[in-house]
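Subject: Handover of a structure for your review

Dear colleague,

Please find the structure below, followed by a summary of what was found in it.

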Amino acid sequence: MLFNSFEFIIFFIVVTALYFVLPYKIRWLMLLLASCTFYMFFIPRYILILFLTILIDYAAGIAMEKYPNKKKNFLILSLIGNIGILIFFKYFNFFIDNINSIGAFFHWNYSINLLKIILPIGLSFHTFQAMSYTIEVYRGNQKAEKHFGIYALYVMYYPQLVAGPIERPQNLLSQFHTNHSFNFERFLSGLRLILWGFFKKLVIADRLAVFVNNVYDDPNSYHPISVFLACVFFSIQIYCDFSGYSDIARGLSRIMGIELMKNFNMPYFSKNISDFWAKWHISLSTWFKDYVYIPLGGNKGNKIKWIRNIAIVFLISGFWHGASWSFITWGALHGLLTIITIIMLPFFIKLKANKIWQALSIAFTFYLVTMFWIFFRSPNFSEAILIINKYISAIPVFFHDFFSKPNFLWLEAITFNANFAVKGFEFIIIISSLSILFGTELLFSYKNTRSKIENLNLGIKSSFYLFLIVFILFTGLYHSNQEFIYFQF
Amino acid sequence: MKKAFLFSSLLLIIALVFFDNFWGSWLKRQTSEKQIWVLNKSNQHFNIAFLGSSRVYTGIDIDTIKNKTCKTAINLGCDGASLMENYILLKQFLRAGNKIDSLYLQLDKFALIEMSKAYSYPFHDYLFLNRLNEDEVKEAVIKYKGYLKYYFWSLLPCFKYAEFNNFYNLKTFFPFFNRKPTSLEFDSVTGSRLIALQMPDSLAFKNNNNFHEDSLVINETSLFYANKILILCKENNIKCTLFKVPMYSRYNDRSHSSLMSEQFLVKFSKENNCRFIDFQKMEFSSKRDYFKDYTHLNKNGAGSFSVFLADSLMMK
């Protein structure tokens, strides 16, 4: 079931109403059943996979507490179970495909058949969440959950089941054990988050997707400036799509009194790539930091080890996103840029306070992040290279045409050229939506303005939300059948 | 806080009711949409009416029919209209006080099979949103979209229009973007849309020699509405004739399902005591110059076919 579907509106109203009507003791059961229903809207039989991981990790948690001397063995068993399922469904065909390619290179006459399996939706997310439970129990930071239903709910909690945020047991499990009564202010705050999430998804992400898909489907026939614009649009699309999902998830959960972690913090205003990763998909970045980077040694020891640790984390991160060389390259590029940043940063320390330097850093970081997203979005490696060529050449082409062609109409070049269909009113909707998005985010980023906005007259605040509702109603795309991008992971 | 929320909610409801009424009356004025053009006709008398999908819409030249037969006629065919939509249009057309003596209903393979397989958008629900209370529209929406959607659309103001905001576009409020008047795709007197395109070589010479052994699965909903149209004709003393507009023979003759549909239609017309004229059998259908694609006549073809059709109307 998609958040942006008609069925979900009904589902949400019924589940939320039942949550507050039912006695506290059986709320977990209702939420668990609702989460199962939510998940089974995709591929019903895959719920068995979830059940299997829940069973393994629940048993491992209990066993680790009961037999502390053997807890390492139980942790390993649990990790093998989780990673095994992940490898089988997500990476098996990738490995076989590569073995076949190597075989073909050496002219071997046989190839291994690929498995006809569909990746269970959100597998990487709930597997990582389940793993964080057993690791935290092993480390002694979390007591093993005795209540099987509550533990199952921790893995299956519907707002964050298919695309995160990847929660930690310390934050989420305890909230399931608390009786949350209805709170009007919290309800409004949750609704506001949901509204903001829908604005990002329906108005911005899905609208931009139309243009991005056009260009990525046939990049050869588009002018470099159009390709450049499509790449920038994809950067914004993926941000609005994913952070929109996270906002909706947090809002849904907040209404029920369960607080989920913030997953994004204005990532495109980052001054360097390390800063970007501290603000983008925070729940995954911190997961890798806590469970991979620090256990590997983090930044302790010599610089070579530090660089090695960063490289490992980013390669795994790329691989986590998808079983293809494009994703691995995407991860590797981020890793490489992070390493370069760490090495180079001390040389620019004096410029850190300079406003112009800060603005240039933000623009350059966005330029590079956008370029790396090309690997993420392209269907294959060769097309990614083609698009990158056009992306890099777009700015020189623009200046060349601007100065050498007297009749050069720049607006026409970015909007109409090569059949690029962003024109007229559509263009105004996109520009105004992006202004609302980034304007609001910027305003909220300054503490002074934030508190001023929070103290604003209720009428002004209500007017803004009324405007937003009408704007979403009449500019959102409701028939695009556009899934959330991160569902595929 | 609660007061502010209630006040905002009230304002929102007022805004939604306003937009609901605005779009409802705006829709009535959209005569550039063929369906709305049909729905806006009232208290007129036509000797002959042609009802069907785009094959009727683009394949029948009403002026030719009028000139040859000296009778009044109207083309009620619409792009992508299934039998469900045909029925709603006819029912509402008659309810508006219009009278028809003789109805020619186009029936072919595409009208009989599952609607979603034959047409990309078989029921243009977004054009009937201001008529949800009317029985035939209600029945169709429930059949096509389900109860939940029907009640969601009918009970909540404005949401139904918002869902189709590519049609009910905010642009309407900004005259700057609406300077160019939209040109009508069809003749505003006859309702025909004659297209001067020729069938491209890529289609005409496409290797299509294989006979398709596909089977014909008659869709229950389509049959239900075919019967409803016949009953409606009887109730209004309209003489109904079933007919098939020619399709390009290289395409039509090469599938088992097309042959099956012809046999079915002969049987169906006998069971319902009405005449079935299969114009597909004419030599005419093998002339490439008469078609704009495999399934639609062009202006040239529509003119010639309408002469032939008028002759057969006078012969009966």
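In what follows, axes are lines fitted to C-alpha atoms, for helices over the stretch in contact, and angles run from 0 to 180 degrees between N-to-C directions. Helices (H or I, at least four residues) and strands (E, at least two) are DSSP runs, numbered from the N terminus. This is a predicted model, in which local features need pLDDT of at least 70 and side-chain atom pairs count only at pLDDT 80 or more, while totals for chains, interfaces and linings use all residues. Residues are numbered from 1 along each chain as its sequence is written, and chains are lettered from A and ligands numbered from 1 in the order in which they are written.

The helix pair in chain A

The axes of helix α6 (residues 148–156) of chain A and α7(A) come within 10 Å, crossing at roughly 130°. α6(A) and α7(A) are therefore oblique to each other (angles under 35 degrees count as roughly parallel, over 145 as roughly antiparallel, 65 to 115 as roughly perpendicular and the rest as oblique). On the side of α6(A), the contact is made by A:Ile150, A:Leu153 and A:Tyr154, and α7(A) contributes A:Pro169, A:Leu172, A:Leu173 and A:Phe176. Residues are in contact if their C-beta atoms, placed from the backbone, lie within 7 Å. By class, this contact has 7 nonpolar, no polar and no charged residues. Here Ala, Val, Leu, Ile, Met, Phe, Trp, Tyr, Cys and Pro count as nonpolar, Asp, Glu, Lys and Arg as charged, and the others, Gly among them, as polar.

The contact between chains

Chain A gives 17 residues to the contact and chain B gives 18. On the side of chain A that touches chain B, at least two residues each come from α1, α8 (184–217), α17 (424–445) and α19 (458–475) of chain A. α19(A) gives the most to that side, with 9 residues. The residues on the side of chain A divide into 13 nonpolar, 3 polar and 1 charged.

The sheet in chain B

In chain B, 5 strands form an open sheet with parallel pairing, in the order β2-β1-β3-β4-β5; two strands pair if DSSP finds at least two bridges between them. β2 (73–75) and β5 (275–278) of chain B are the edge strands, each pairing on one side only. From one strand to the next, the twist averages 25°. Strand β3 (residues 99–106) of chain B runs parallel to strand β4 (residues 239–244) of chain B, and 5 bridges join them. B:Tyr104 has B:Thr241 in β4(B) as its bridge partner.

Yours sincerely

Conventions. Contact = placed C-beta atoms within 7 Å.
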